[in-house]
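Q: I would like to learn how to read the features of a protein model, step by step. Could we begin with the sulfur atoms and then move on to the rest of the chain?

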Amino acid sequence: MLYFLLKAIQPVLVPLCFVSAWGIVFLLCLSVGRTVTDSLRRAQRMHQIPCANCVFFTGDYHLKCPVQPTIALSEDAIDCPDYRGHSGIYG
């Protein structure tokens, strides 16, 4: 009985394996593409953090910013109301 079942599905088996293998390759490439896109988007967001250019930034790992220590070097610091650049202009 098993022999006849294998003989019946044999013509379909090769195309099915071919399509399945290329489907897995396509899904792998899609996953890698999404990972790269998400990484680039995250990197662009991280480069918007202005803390390193702020006059209040200490560079000390114990207290990075005495004004806003809870948001220093995080995404919350992107629109920090206390940010002052090194240009000498306060306001």
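A: A disulfide is counted when two cysteine sulfur atoms lie within 2.5 Å of each other. This is a predicted model, in which local features need pLDDT of at least 70 and side-chain atom pairs count only at pLDDT 80 or more, while totals for chains, interfaces and linings use all residues. Residues are numbered from 1 along each chain as its sequence is written, and side-chain values use heavy atoms, with hydrogens and water left out.

Q: How many disulfides does a search of the whole structure find?
A: In general, a disulfide is a covalent bond between the sulfur atoms of two cysteines. Here the search of the whole structure finds 0 disulfides. Cysteine 65 is in no disulfide, and the nearest cysteine sulfur to its own, that of cysteine 54, is 5.8 Å away.

Q: Are cysteine 51 and cysteine 65 buried or exposed?
A: A residue is called buried when its relative accessible area is under 20%, exposed when it is over 50%, and partly exposed in between, using a 1.4 Å probe and protein chains only. Cysteine 51 counts as buried because its relative accessibility is 12%, and cysteine 65 counts as buried because its relative accessibility is 11%. Over the whole chain, buried residues make up 12% of the 91 residues.

Q: Which residues make up the largest nonpolar core?
A: In soluble globular proteins, nonpolar side chains tend to be buried together. A nonpolar core is defined as a set of buried Ala, Val, Leu, Ile, Met, Phe, Trp, Tyr and Cys residues joined through side-chain atoms within 4.5 Å. In this model the largest such core has 6 residues, namely Ile49, Cys51, Ile71, Ala77, Ile78 and Cys80.

Q: Which residues are in contact with isoleucine 49 and with cysteine 51, leaving aside neighbours within four places in sequence?
A: Contact means that heavy atoms lie within 4.5 Å. With those neighbours left aside, isoleucine 49 is in contact with Leu73, Ser74, Glu75, Ala77 and Ile78, while cysteine 51 is in contact with Phe57, Ala72, Leu73 and Ala77. Cysteine 51 and alanine 72 are 21 residues apart in sequence, and their C-alpha atoms are 6.6 Å apart in space.

Q: How many helices and strands are there in the chain?
A: Helices (H or I, at least four residues) and strands (E, at least two) are DSSP runs, numbered from the N terminus. This chain has 1 helix and 0 strands. Along the principal axes, the C-alpha trace spans about 85 × 25 × 20 Å.

Q: Where are methionine 46 and cysteine 51 placed?
A: Methionine 46 has its place in helix α1, whereas cysteine 51 belongs to the segment after α1, the helix that covers 2-46. Methionine 46 counts as partly exposed at 30% relative accessibility, and its C-alpha atom is separated by 8.8 Å from that of isoleucine 78, which is 32 residues apart from it along the chain.

Q: How many aromatic pairs does the count come to?
A: A pair of aromatic rings is described by the distance of the centres and the angle of the planes. Rings of Phe, Tyr and Trp (its six-membered ring) pair if their centres lie within 6.5 Å, and planes under 30 degrees apart count as stacked, over 60 as edge-to-face and the rest as tilted. By this rule there is 1 aromatic pair. Tyrosine 3 and phenylalanine 4 form this edge-to-face pair, with 5.7 Å from centre to centre and 70 degrees between the planes. Tyrosine 3 is exposed, with a relative accessible area of 54%, and phenylalanine 4 is exposed as well, with 62%.
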